[in-house]
Amino acid sequence: MRQKTEITRRHALAGLAGLAVGLPIAAQAQTADLTPDSDADQSAALQAALDGATGRLTLPAGRFRVSNINFPANLVVEGVPGATWLVASGTAIGGFLHQSGLVLRDIGFTGDSGSDPLFGVQGADNVTIERCRFSESPGIALSLFESAATIRDCDFENHGDAAIHSLDSTGLLASGNTISGCGNAGIRIWRNEAGPDGSILVNNRISKIDWRQGGNGQNGNGINVYLADEVVVADNHISDCAFTAVRLNTTKNCQVTGNICRTCGEVAIFSEFGFSGSIIAENVVDGAATGISITNLDTGGQLAVCSGNIVRNISLKSEVNPDTVPVGIYVEAEVAVTGNVVENVPGVAIAAGFGSFMRSVVITSNVVYASNIGIGVSVAEGAGKVLIADNMVHEPSVGEIVGLKWTEVAETDLRAVVDRYPHVTIR
């Protein structure tokens, strides 16, 4: 899967802000020209209120049709929780460009923004968006480009593309958000060129992610990290994704820990293509076509830890990608697979390598229950070394440790014939 996106200035239009305080007389005067629930365009009135505000602006309850609003720096803007809505009519609602110091709180954003995101932030620092609602837009709800922002405790629902799309982040924290019903992605962390990103995605709840634009993995992911290094994905609850709960593509030194990943159409947790240094630990995967895949030695993918995960209830096939096979945990190069528990796999519970694509794999202290094959190891010509030790495999239907040549079972009991395969060590 290769991914690329382009962000124009229109795609970087952005947001609002707020602090929970009383409405002073000056603020009342600033918003006096806003007419709640009117079909008329309110852009000029809102722009005047923002330009005249000093430090803080409180918006009244109601729905306000606005477009192309420029939000000033060093401003806090708040609404009435659940009752203040800014509504797009064919273009983006507003923008925050090349400035610092914007807080948005308790404001709803909705409407038809056309090909633009509802809001975008470009080249900005110290942006906070909290307790806001983003609903029913045809594309991206919130777009960030070359910006540092905190997005917390917000609700995103029913967007045609993605809830949050961050490109070339300079410091993103997304925490405590609820995302549901998006057409292609929940959260995307992308870069134009590979490099340190440092985004932190924690304690979010993501569900019902479709793949309307198709493809073989570009879309349909709860969290998608592409060319972005040093990203932390931790303690999220992710369910009902057409493809993947957490997908790392060509990343370095990323961590995927403590997540619950339920009912994924393809691979639940994916570290693919030219990745290195992935830590995938202490996650729960329940329901997927493949549980965890750490792959693509052919394009330089190598170096990972896969430990302490629970993987269970793997399906016979994928409805979205026929190339996906029922495997609990799959690894290829410079990977330690240790302390995992894998249950109910109608295929291979733990698989090391595919044909010649295997190098320096350690599989130790894992528990496997109710699977056809406990541990499957490539014994094809050209496969690299693997160490298998101290695992517990309970009553597999085919074999505990099985030798595989590409897609065929070559040895049903690899321990009995291990001397034939000097690259395999079994203890």
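**Strand pairing and burial**

Analyst: In this predicted model, strand S27 (residues 267-272) and S30 pair in the parallel sense over four bridges. Within this pairing, Phe270 stands opposite Ser293 in S30.

User: Why is strand S30 (residues 290-294) called mostly covered?

Analyst: Five of its five residues are buried, and buried means under 20% relative accessible area.

User: How do you know whether Ser276 is buried or exposed?

Analyst: Its relative accessibility is 16%. The limit for buried is under 20%, so Ser276 counts as buried. Ser276 lies in strand S28 (residues 276-281), and, leaving aside neighbours within four places in sequence, Ser276 is in contact with Thr251, Lys252, Asn253, Gln302 and Leu303.

User: Why is Ile310 called partly exposed?

Analyst: Ile310, in strand S32 (residues 310-314), has a relative accessible area of 38%. Buried requires under 20% and exposed requires over 50%; the value of 38% falls in between, so Ile310 is partly exposed.

User: What makes the nonpolar surface patch that includes Ile310?

Analyst: Ile310, Val341, Val367 and Met392 make this patch of about 320 Å². Patch residues need over 30% relative accessible area, and Ile310, at 38%, therefore passes that cut-off.

Definitions and conventions. Residues are numbered from 1 along each chain as its sequence is written. This is a predicted model: local features need pLDDT of at least 70, side-chain atom pairs count only at pLDDT 80 or more; totals for chains, interfaces and linings use all residues. Side-chain values use heavy atoms; hydrogens and water are left out. Patches are made of residues with over 30% relative accessible area and no salt bridge: like charges are joined within 9 Å, nonpolar side chains (Val, Leu, Ile, Met, Phe, Trp, Tyr) within 5 Å. Accessible areas come from the Shrake-Rupley method with a 1.4 Å probe; for residues, only the protein chains shown count as cover. A salt bridge is a side-chain nitrogen of Lys or Arg within 4 Å of a carboxyl oxygen of Asp or Glu. Helices (H or I, at least four residues) and strands (E, at least two) are DSSP runs, numbered from the N terminus. Buried means under 20% relative accessible area, exposed over 50%, partly exposed in between (1.4 Å probe, protein chains only). Contact means heavy atoms within 4.5 Å. Two strands pair if DSSP finds at least two bridges between them.
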